Every structure is written in C-alpha cells, then in structure tokens.
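Hello,

Here is the structure you are taking over. My notes on it follow.

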Amino acid sequence: MKNIILIGMPGTGKSVVGRALADRLHYTFVDVDDLIVRAAGQTLAEILRSRGLDAFLALEGQIGEALTCENTVIATGGSMVLSEGAMTHLKENGVAVWLETPLSQISERMPEDLTDRGIAAPTGMDIRQIYRQREPLYAKYADLIVASRPGEDDTAHQVEEVMRTVGMHL
C-alpha cells in the first residue's frame, strides 16, 4: 500500500490522528515537523525567529522532497502544501488526505503569537488569512477530504472508512 499523507491547517490534529491511523493500520508514522526539528537542531519557532520564513519553507520543502518510505502515515506541516516539489514527490507514492477542520475550531486552538506554535506565515498574517491562502492548495493536492472529528481515533477510523469506500486497499 502507498503512504498516507495527512495535509491540513495547523491545529487539525494531523500528528495525533496520524499516530492513531498508523497504529490502526500497523504502519510506520512520520511527523515532518519532527524531521525539521532534528535537521535544524532547533524548534520550529526558533527556526522561524532565527532563520526566517523563507529558510523554514526551504528546509521543509527539502525534507518533503527527500522523504522516502513505504507503508507510512506522514503528518505534514501545515505549510508543506506551499512546496510544489515536496507535494509532487510525496504523492508519487502516497494518497493525500486533507483533514478539513472548520476555521472556528482552528482559531480556538491557536495561541496569540502564531510563531510560538511554529506556524510558517508572513509576519502579521492571522489564522484566517493563512487559511484563505492555503485552502486552495489543500484542495489541489487532496485525493480525499475527511472532516475532522472530536477524537483522533474517530478521525483515524473515518479516514480508514473513506479510503475503503472509494476502493483504496489498506
């Protein structure tokens, strides 16, 4: 089976849903944010503050383009869709699932300072503007769209069911 690539806004639960889905399917789990932190030796917020947005996005894109794995659930960073090269590479051996969450729920989960959360966006851009910028890209790359549910295991189960319904074998 191909990889399952979870895309979506920060705060949609890609990491927790990804872990639950990987457990359910007996897949490996990879969180791209963790790979970025390891590669840089800094937290996401530290990278954004010390190196800047462009350097962060370049590093994220490089990691996405270099990632090779099989039978893996991959939780991408919310900004991965800004890297066409990374998304093209990941989709060569994977199915992209957009965990779509209402903006009102995402807003509730975000801190005042988005950089503190490690969210890659231009200074002064609020969560609504980020959502408007990225939503067309999530739609462009998504093979499937799954509405997030309150519990990560419920969402993981829903991803599994939608994939089966459309004939994707797990």
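A120 sits in the loop between α6 (103-109) and α7 (127-141); helices (H or I, at least four residues) and strands (E, at least two) are DSSP runs, numbered from the N terminus. The model is predicted: local features need pLDDT of at least 70, side-chain atom pairs count only at pLDDT 80 or more, and totals for chains, interfaces and linings use all residues. Residues are numbered from 1 along each chain as its sequence is written, and side-chain values use heavy atoms, with hydrogens and water left out.

Is A120 buried or exposed? A120 is buried, at a relative accessible area of 4% (buried means under 20%, exposed over 50%, partly exposed in between, with a 1.4 Å probe and protein chains only). Beyond its neighbours within four places in sequence, A120 is in contact (heavy atoms within 4.5 Å) with L48, L53, F56, L57, S79 and R134.

**Helix α7**

R134 is also where α7 bends by about 35°, with a proline, P136, following within four residues. The bend is the angle between axes fitted to the seven residues ending there and the seven starting there. R134 is among the buried residues of α7, which include I127, I130 and Y131.

**The cores**

A nonpolar core is a set of buried Ala, Val, Leu, Ile, Met, Phe, Trp, Tyr and Cys residues joined through side-chain atoms within 4.5 Å. In the largest one, of 33 residues, I7 and I36 touch the most other members. Its largest share, five residues, comes from α7. A second, separate core has 13 residues, including I4 and V97.

Regards
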